Amino acid sequence: TDNSDERKMFYTSGQAKDIADMFTFTDGYAVTKWSNKTSAGVSGQDGTHPDTDQPIFRLADAYLMYAEAVLRGGTGGSRTAALGYVNELRNKAYNGTSGDINDSQLTLAFILDERARELYWEGYRRTDLIRYGQFAGGTYIWQWKGGVQAGVATDPKYNLFPIPDADMGANPNLDQNP
């Protein structure tokens, strides 16, 4: 495994890689992506609740959306630019060009994986997996998928969230999602 990717921010000391019990904190690696530090490295003012800004729009997300759109046949962009944007992200992650990819490596599968590496813990993964047809069903299995430690295929109905009861009650014309 290439350990030069600086996006690998996990706490592993005393942690088991696999999750045998979802409610045991030491099962699974802990994420250290977020901290309550200012840009100067000083601790935030509130020791209990982070007071650092949360980015809403990330250039990395826009670059990866661009690359995905080009690979899916979108017009107005180019494969050359898409590759350049992806490698720009990887240059930052690898602190140089050692992580660059070539044109033949620029695939939709690579973009899905790169989104996982770049945007983990930012709330994109579920939507990405649904868009790629890998959230429900048995194409892609992960630990605890379907509530089973080894992971199992799930019903496609889980691609949609249920409409909240308050919304259903407020509008009798709505039909509940399956």
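Which residue follows α3 and has a positive phi? Trp121 does, with a phi near 65°. The legends below give the setting of this residue and of other parts of the chain.

**Figure 1. Overview of the predicted model.** This is a predicted model, in which local features need pLDDT of at least 70, side-chain atom pairs count only at pLDDT 80 or more, and totals for chains, interfaces and linings use all residues. Residues are numbered from 1 along each chain as its sequence is written, and side-chain values use heavy atoms, with hydrogens and water left out. The protein has five helices and two strands, in the order β-β-α-α-α-α-α from the N terminus. Helices (H or I, at least four residues) and strands (E, at least two) are DSSP runs, numbered from the N terminus. The C-alpha trace spans about 55 × 50 × 35 Å along its principal axes. Of the 178 residues, 28% count as buried; buried means under 20% relative accessible area, exposed over 50%, and partly exposed in between (1.4 Å probe, protein chains only). Among contacts with a separation of 6 or more, 38% come from residues 24 or more positions apart, a contact being heavy atoms within 4.5 Å.

**Figure 2. Surface and charges of the protein.** The protein has 17 positive and 23 negative charges, whose mean positions are 5 Å apart. Lys and Arg count as positive and Asp and Glu as negative, while His and the chain ends are not counted. Each charge is placed at NZ of Lys, CZ of Arg, CG of Asp or CD of Glu.

**Figure 3. Helix α1 and its packing.** Helix α1 covers residues 59–71 and has 13 residues. From its first C-alpha to its last it reaches 18 Å, close to the 18 Å expected at 1.5 Å a residue; the expected span is 1.5 Å times one less than the number of residues. The buried residues of α1 are Ala60, Asp61, Tyr63, Leu64, Ala67, Glu68, Val70 and Leu71. They pack against α2 (79–94), α3 and α4. Just after α1, Gly73 takes a positive phi of about 95°.

**Figure 4. Helix α3 and the residue that follows.** The twelve residues of α3 should span 16 Å at 1.5 Å a residue, and the end C-alpha atoms are 16 Å apart, which agrees. Phe110, Ile111, Leu112, Glu114, Arg115, Glu118 and Leu119 are buried in α3. The buried residues of this helix pack against α1, α2 and α4. Trp121 lies in the loop between α3 and α4. Trp121 counts as exposed because its relative accessible area is 61%. Its phi, near 65°, is positive in a residue other than glycine. Most residues other than glycine have a negative phi.

Figure 5. The structure holds 13 salt bridges, each a side-chain nitrogen of Lys or Arg within 4 Å of a carboxyl oxygen of Asp or Glu. Asp5 and Arg7 meet in one of them, at 2.8 Å from N to O, and both residues are buried. Arg7 also pairs with Glu118, the closest N and O atoms being 3.0 Å apart. This pair links distant parts of the chain: Glu118 is in helix α3 (residues 108–119) and Arg7 in the segment before β1, 111 residues apart. Glu118 is buried because its relative accessible area is 8%, and Arg7 is buried because its relative accessible area is 9%. In another salt bridge, Asp128 and Arg115 have their closest N and O atoms 2.8 Å apart. Asp128 belongs to helix α4 (residues 125–131) and Arg115 to helix α3, 13 residues apart. Both Asp128 and Arg115 are buried. Salt bridges with shared partners join Asp5, Arg7, Arg58, Arg90, Glu114, Arg117, Glu118 and Glu122 into one network.

**Figure 6. Ala20 and Trp144.** Ala20 is in the loop between β1 (10–11) and β2 (30–31). With 58% relative accessibility, Ala20 counts as exposed. Leaving aside neighbours within four places in sequence, Ala20 is in contact with Asp27, Trp144 and Gln149. Ala20 and Gln143 are 123 residues apart in sequence, with their C-alpha atoms 9.0 Å apart in space. Trp144 is in the loop between α4 and α5 (165–170). Although Trp144 is not a glycine, its phi is positive, at about 70°.
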